[in-house]
Amino acid sequence: MSYDVVYLVVAEMEAFESPDVFPHPCTLHPRRYKLQTIGITAANTWGLFLLVLLLGYGLVEIPRSYWNAARRGHLLTKTQFKVAKLMTEKADAEETLEDVMEEVRKLNETVKYNHPFRKYIDTILRKVKKVMGVKGEV
């Protein structure tokens, strides 16, 4: 009886080795499929790594942002810091504006009415007065 089992196994193996049966795709181009497998594995590993990293960050950061937004003291401190920064920027801008206005005033005094650049100075003065309003007196 054992000979019958061996005979059936050998007969089935011969059937798979016959040319009319399609071979497994990995036997056709083994390097290509190995590289493809390595590429897919690397992409999945990288994706899982990013998922764990970003999910871990989100699990901590999102509740923290809600917690800090609900705390009035924290929000007040944050807003005061922003206001102080804006006030510093405003003071720097006003100082720069004063310097530019001083240069325009000096140009207005040095460029005479018969000079070819006088029309440009007049254009600058009109635009400064238009933008500055009352404070635009040069």
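Glu-109 counts as partly exposed because its relative accessible area is 49%, where partly exposed lies between buried (under 20% relative accessible area) and exposed (over 50%), with a 1.4 Å probe and protein chains only. Glu-109 is placed in helix H4; helices (H or I, at least four residues) and strands (E, at least two) are DSSP runs, numbered from the N terminus. The side chains of Glu-109 and Arg-105 are joined by a polar contact of 2.7 Å. A polar contact is a pair of N or O atoms within 3.5 Å; within protein, one must be able to donate a hydrogen and the other to accept it, and residues adjacent in sequence count only if both atoms are side-chain atoms.

**Basis of the model**

- This is a predicted model, in which local features need pLDDT of at least 70 and side-chain atom pairs count only at pLDDT 80 or more, while totals for chains, interfaces and linings use all residues.
- Residues are numbered from 1 along each chain as its sequence is written, and side-chain values use heavy atoms, with hydrogens and water left out.
- The mean pLDDT of the protein is 80, and 75% of its residues reach 70 or more; pLDDT is the predictor's confidence in each residue, from 0 to 100.
- Confidence is lowest in helix H1 (residues 2–17), with a mean of 55, and highest in H4, with a mean of 93.
- Where pLDDT is low, the predicted coordinates should not be read in detail.

**Overall architecture**

- The protein has five helices and zero strands.
- Read from the N terminus, its elements follow the order α-α-α-α-α.
- Of the 138 residues in the protein, 7% are buried.
- The protein exposes about 12,900 Å², and carbon and sulfur atoms supply 67% of that area; accessible areas come from the Shrake-Rupley method with a 1.4 Å probe, and for residues only the protein chains shown count as cover.

- A nonpolar patch on the surface is formed by Trp-46, Phe-49, Leu-50, Leu-53 and Leu-54, which together have about 530 Å² of accessible area.
- Patches are made of residues with over 30% relative accessible area and no salt bridge; like charges are joined within 9 Å, and nonpolar side chains (Val, Leu, Ile, Met, Phe, Trp, Tyr) within 5 Å.
- Leu-54 belongs to helix H3 (residues 30–70), and this residue counts as exposed because its relative accessibility is 54%.
- Asn-68 also lies in helix H3, but Asn-68 counts as buried because its relative accessibility is 19%.
- The side chain of Asn-68 makes a polar contact of 3.2 Å with the side chain of Arg-71.
- Apart from neighbours within four places in sequence, Asn-68 is in contact (heavy atoms within 4.5 Å) with His-74 and Leu-75.

**Salt bridges**

- Side chains of opposite charge can pair when their charged atoms come close.
- The structure holds five salt bridges, each a side-chain nitrogen of Lys or Arg within 4 Å of a carboxyl oxygen of Asp or Glu.
- In one of them, Arg-64 pairs with Glu-61, and the closest N and O atoms are 3.1 Å apart.
- Arg-64 and Glu-61 are separated by about one helical turn because they are three residues apart in helix H3.
- Arg-64 is partly exposed at 43% relative accessibility, and Glu-61 is partly exposed at 26%.
- Another salt bridge links the side chains of Glu-94 and Lys-90, at 3.3 Å from N to O.
- Glu-94 and Lys-90 both lie in helix H4 (residues 72–110), four residues apart, about one turn of the helix.
- Glu-94 has a relative accessible area of 37% and is therefore partly exposed; Lys-90, with 45%, is likewise partly exposed.

- The side chains of Asp-122 and Arg-118 meet in a salt bridge of 3.3 Å, N to O.
- Because they are four residues apart in helix H5 (residues 118–132), Asp-122 and Arg-118 are separated by about one helical turn.
- Asp-122 is partly exposed at 26% relative accessibility, whereas Arg-118 is buried at 4%.
- Salt bridges with shared partners also join Glu-102, Arg-105 and Glu-109 into one network.
- The C-alpha atoms of Asp-122 and Asn-108 are separated by 8.3 Å, and the two residues are 14 residues apart along the chain.
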